[in-house]
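Dear colleague,

Please find it below, followed by a summary of what was found in it.

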Amino acid sequence: MLGIPLPAILGQLTLGLVNGSFYALLSLGLAVIFGLLGIVNFAHGAFYMLGAFAAYIGLQAFGVNYWFALLLAPAAVGLIGVVIERLFLRRLYSQDPLYGLLLTFGVALIAEGIMRNQFGSSGKSYPVPELLRGVLHLGFMVLPIYRAWVVLASLSVCGVTWFLIERTRLGATLRAATENARLVQAFGINVPLLVTLTYGAGVALAALAGVLAAPVVQVSPLMGSSLVIVVFAVVVIGGMGSIIGAILSGVGLGLIEGLTKVIYPEASNIVVFVIMALVLIWRPAGLFGKE
Amino acid sequence: MRVRSGTAVIYSLLGILAITAPLAGVYPVFLMKLLCFAMFACAFNLLLGYTKMLSFGHAAYFGSSAYVTGWLVSVHGWGTIFGTLAGVAVAMLLGLVIGAIAVRRQGIYFAMITLALSQVVFFICLQAGFTGGENGLQGIPRGSVFGIVDLGSDVTMYYFVLALFLLVYGFIRRIVRSPFGHVLRAIRENEPRAVSLGYKVDRYKLLAFVLSASLAGLAGSLKALILGFATLTDVSQGTSGEVILMTLLGGSGTFLGPLLGAGIVVTLEEYLSDRVGAWVSVIIGGIFVACVMVFRRGFVGEIQARFARRRGVAPE
């Protein structure tokens with residue numbers, strides 16, 4: 001194909017799949033938060049970074065291993081999210097949604113600034129857990145087992161979240177609260193609590209992506225700041241608030257980005273944004289958007 | 001009438017201050033930087049304040065114009081004026097392309113789209129050869145105005161920048177008070193209604209966007225000439241965030257607000273950057289949070305609302 005050896009294409013597609021699973025997990029969290037709160041969470045990249053740092057600090061200071069970090073880091077960062085929702089976001093629901101975007105932008109700056117003061121700008125490395133070391137021989141490439149695990153773990157979490165929201169009673173309540181919060185409240189459901197927990201859960205998903213990423217990328221205070229923009233584009237392409245749209249376009253764009261790396265490497269940084277522009281011209285509501 | 005004469009007093013004081021500041025020993029380069037960012041914020045305010053379009057990627061126009069002007073002036077020996085005009089033209093063109101895509105959506109979608117597309121501009125500036133990549137462009141000469149007025153001295157350059165700033169400020173005031181500006185405000189207040197009154201809303205929004213992008217470009221070109229360099233910071237997300245903060249802090253939708261906001265932010269950064277290091281970003285973030293939580297109208301907006309309330313008029 002285009003004079004590029006097939007193994008190279010398959011190799012980049014596989015790496016694209018790994019990146020795509022991160023995009024899917026992050027855009028899923030954004031979509032869940034946007035769906036119920038109507039807020040675009042600019043701090044999503046910062047929470048992803050905090051998740052990675054929580055794992056790193058846990059290991060360095062308390063000897064918490066990777067498997068516990070997978071649970072504890074999202075819980076800790078999710079708790080920060082809960083506090084932020086209670087203190088700030090709660091007061092903004094009656095305002096223009098732009099204020100939510102601006103507030104979370106400020107929160108991201110604060111989080112990144114604090115971490116830069118504490119840990120400097122250089123990256124820290126986090127060891128791959130022992131159980132997941134080694135490589136898989138796929139024939140066309142050698143894939144580290146850890147990366148295969150990332151794909152498996154991310155996509156499973158995405159699947160479970162989709163199931164929870166679209167197929168269970170809890171999910172039905174959530175979706176009902178999105179449609180008409182007052183009516184759901186009248187049925188005796190504590191909607192404000194539901195909103196707080198949803199924000200916490202969305203934030204925890206970002207932190208989980210951070211823990212998963214810690215062994216593959218360098219843990220640094222700015223690791224999430226440009227990623228969040230890519231994820232914004234992914235969510236716009238998928239259609240804001242659409243769960244399935246966020247997951248599918250996350251994986252799809254990871255694959256397309258991988259393909260671009262073999263065909264025209266210079267464009268691999270911008271291909272997601274270009275696709276976003278094209279999708280907006282063709283379908284302003286996004287691929288899975290309803291409006 | 002009292003308020004009007006109050007405004008006149010404020011303007012005269014500001015005018016006297018602006019003209020005498022370099023003579024009174026204030027560092028002219030700092031003043032020029034302040035004016036540049038004030039111009040940038042005023043251009044941004046045309047969108048956020050009067051049309052309620054939150055562009056999250058205005059650094060793209062500021063920075064690309066800075067690069068183009070810097071490159072033409074330093075590498076190709078263009079004159080200062082033509083170099084600046086070329087920079088503005090590029091910013092205008094970028095504004096036209098990005099604006100045409102972005103005005104298709106409103107509110108937060110608009111913000112996210114402008115952010116994403118400005119990131120494309122960032123990566124192009126990072127990878128294109130003429131921008132000098134990570135190093136940026138250094139040693140950009142200031143040149144002269146058509147070979148008549150040499151801009152090498154800081155004080156001369158200051159008055160040149162001040163003159164351009166006043167022109168832009170007057171131009172924006174004129175636009176906002178024109179029938180076109182009234183349509184923009186109608187769109188801000190109630191877009192569906194403006195549509196139903198028969199206005200081609202998208203065209204008005206696009207024109208406002210292109211105007212704002214061009215003026216942001218002018219501010220960027222001047223910045224490159226004043227400081228003699230253009231770097232990736234100028235096109236980065238951080239700069240886009242700064243101009244939002246300046247406008248919001250001072251008061252979006254007011255004439256003096258962006259000026260005040262730019263003054264506060266530039267002074268704060270100048271003063272703090274050597275003293276507190278990375279805490280600057282924490283402080284900036286904190287101001288963002290305070291602005292959104294406590295005074296959404298910004299300083300000038302809150303003061304105006306207080307006056308309006310005292311006179312028994314509903315605040316705008």
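Which residues have the most contacts inside the largest nonpolar core? They are Ala52(A), Ala207(A), Ala233(A), Met39(B) and Phe40(B), and the core has 196 residues. A nonpolar core here is a set of buried Ala, Val, Leu, Ile, Met, Phe, Trp, Tyr and Cys residues joined through C-beta atoms within 7 Å; buried means that 20 or more other C-beta atoms, placed from the backbone, lie within 10 Å of a residue's own. With 17 residues, helix 2 (residues 28–51) of chain B gives the most to this core. Helices are DSSP runs of H or I with at least four residues, and strands are runs of E with at least two, numbered from the N terminus.

This is a predicted model, in which local features need pLDDT of at least 70, side-chain atom pairs count only at pLDDT 80 or more, and totals for chains, interfaces and linings use all residues. Residues are numbered from 1 along each chain as its sequence is written, while chains are lettered from A and ligands numbered from 1 in the order in which they are written.

The pLDDT, the predictor's confidence in each residue from 0 to 100, averages 90 in chain A, where 99% of the residues score at least 70.

Chain B contains 13 helices and two strands. Of its 316 residues, 51% count as buried, and its C-alpha trace spans about 55 × 45 × 40 Å along the principal axes.

The contact between the chains (C-beta atoms, placed from the backbone, within 7 Å) takes 34 residues from chain A and 30 residues from chain B. Helix 5 of chain B gives the most to its side, with 13 residues.

Yours sincerely

Terms used
Two residues are in contact if their C-beta atoms, placed from the backbone, lie within 7 Å. A residue is buried if 20 or more other C-beta atoms lie within 10 Å of its own, exposed if 12 or fewer, and partly exposed in between; C-beta atoms are placed from the backbone.
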